[in-house]
Amino acid sequence: MAVSIVIPLFNRYELTAACVESIQFYSPEHEIILVDNGSTDETRFAQVTIRNEENRGFAMSCNQGAEAAQNEHLVFLNNDTLVHQGWLGFTRHLVRPEVGCVGPKLIYPTGRIQSAGIGINFDNPPGTEAFNLTTDWASAPVEVAAVTGACLGIRKELFEELGGFDTGFWNGYEDVDLCLTATAAGYSNIYDPPAKVTHLESQSGPERWTAVAANVDRLRHKWSPK
């Protein structure tokens, strides 16, 4: 299965280079789409697919990358990740028409589990990753409320049908919102533990945290049953 891998960028060229190198080593046959959000470091001189003059945020840059993608299946991937052998195995679920978003196991560089699916609890900050365990809580693919946008797969046709990432969010909860949109449309979201990706997490700088309260409010307004 050929996929288009969309990677939004904002500085941290060294992380992007390592991420792309790992993809080219383990899965060189797949399209890589780099969307630069007005970087000011060496990324300015790198060969990218789309270059924005300003930081347009995660949602907009991913939507731009998806529009440019040539393949039927999309994988959104953060640039602060390193992929492993067989990492794209989770995308096999996308051939099932009832599946919406899919994601692999994310691990820290130490090997500790970072994300094994996202649980939603609107009594606490929504999108709380409730399943961050040090050992597998599931040894087989399982349906979850959401998967993290650090590495998220979806069919391009469905992504467009759902309206893409909501650009009303700014660098947070776009992934949860997309998964909830898929669920509302009748699709299931799948976490696949055999597939692994190392995620360094939140390496792009303080910009990542500038709109947390607004993002939470937007998600609650759209999806909280209360």
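User: Which helix does Asn-63 lie in?

Analyst: Residues are numbered from 1 along each chain as its sequence is written, and side-chain values use heavy atoms, with hydrogens and water left out. This is a predicted model: local features need pLDDT of at least 70, side-chain atom pairs count only at pLDDT 80 or more, and totals for chains, interfaces and linings use all residues. Helices (H or I, at least four residues) and strands (E, at least two) are DSSP runs, numbered from the N terminus. Asn-63 lies in helix H2.

User: Is Asn-63 buried or exposed?

Analyst: A residue is buried under 20% relative accessible area, exposed over 50% and partly exposed in between (1.4 Å probe, protein chains only). Asn-63 has a relative accessible area of 19%. Because that value falls under 20%, Asn-63 is buried.

User: Which residues does Asn-63 touch, not counting those up to four places away in sequence?

Analyst: Contact means heavy atoms within 4.5 Å. With residues up to four places away in sequence set aside, Phe-159 touches Asn-63, along with Ala-66, Leu-74, Phe-76, Ile-154, Gly-164, Phe-165 and Leu-178. Under that exclusion, the residues touched by Asn-63 are Phe-159, Gly-164, Phe-165 and Thr-167.

User: Which strand does E4 run antiparallel to?

Analyst: Two strands pair if DSSP finds at least two bridges between them. Strand E1 (residues 3–9) runs parallel to E4, with four bridges, and Val-3 has His-73 as its bridge partner in E4. Val-75 has its partner, Gly-153, in E9. Five bridges join E4 in the antiparallel sense to E9.

User: Where is Asp-166 found, and which side chain makes a polar contact with its side chain?

Analyst: Asp-166 is in the loop between helix H3 (156–161) and helix H4 (174–184), and is buried at a relative accessible area of 15%. Leaving aside neighbours within four places in sequence, Asp-166 is in contact with Ala-59, Glu-174, Asp-177, Arg-218 and Lys-222. A polar contact is a pair of N or O atoms within 3.5 Å; within protein, one must be able to donate a hydrogen and the other to accept it, and residues adjacent in sequence count only if both atoms are side-chain atoms. A polar atom of the Asp-166 side chain lies 2.7 Å from the backbone nitrogen of Gly-168, and the side-chain polar contact, at 2.9 Å, is with Lys-222.

User: What is phi of Asn-171?

Analyst: Most residues other than glycine have a negative phi. Asn-11, in the loop between E1 and helix H1 (13–26), has a positive phi of about 60°. Asn-171 lies in the loop between H3 and H4 and is buried, with a relative accessible area of 14%. Phi of Asn-171 is also positive, near 55°.

User: How far apart in space are Val-48 and Ile-7, C-alpha to C-alpha?

Analyst: Val-48 is in the loop between E2 and strand E3 (50–52) and is buried at 17% relative accessible area. Not counting residues up to four places away in sequence, Val-48 touches Leu-9, Leu-34 and Asp-36. Val-48 and Ile-7 are 41 residues apart in sequence, and their C-alpha atoms are apart by 9.9 Å.
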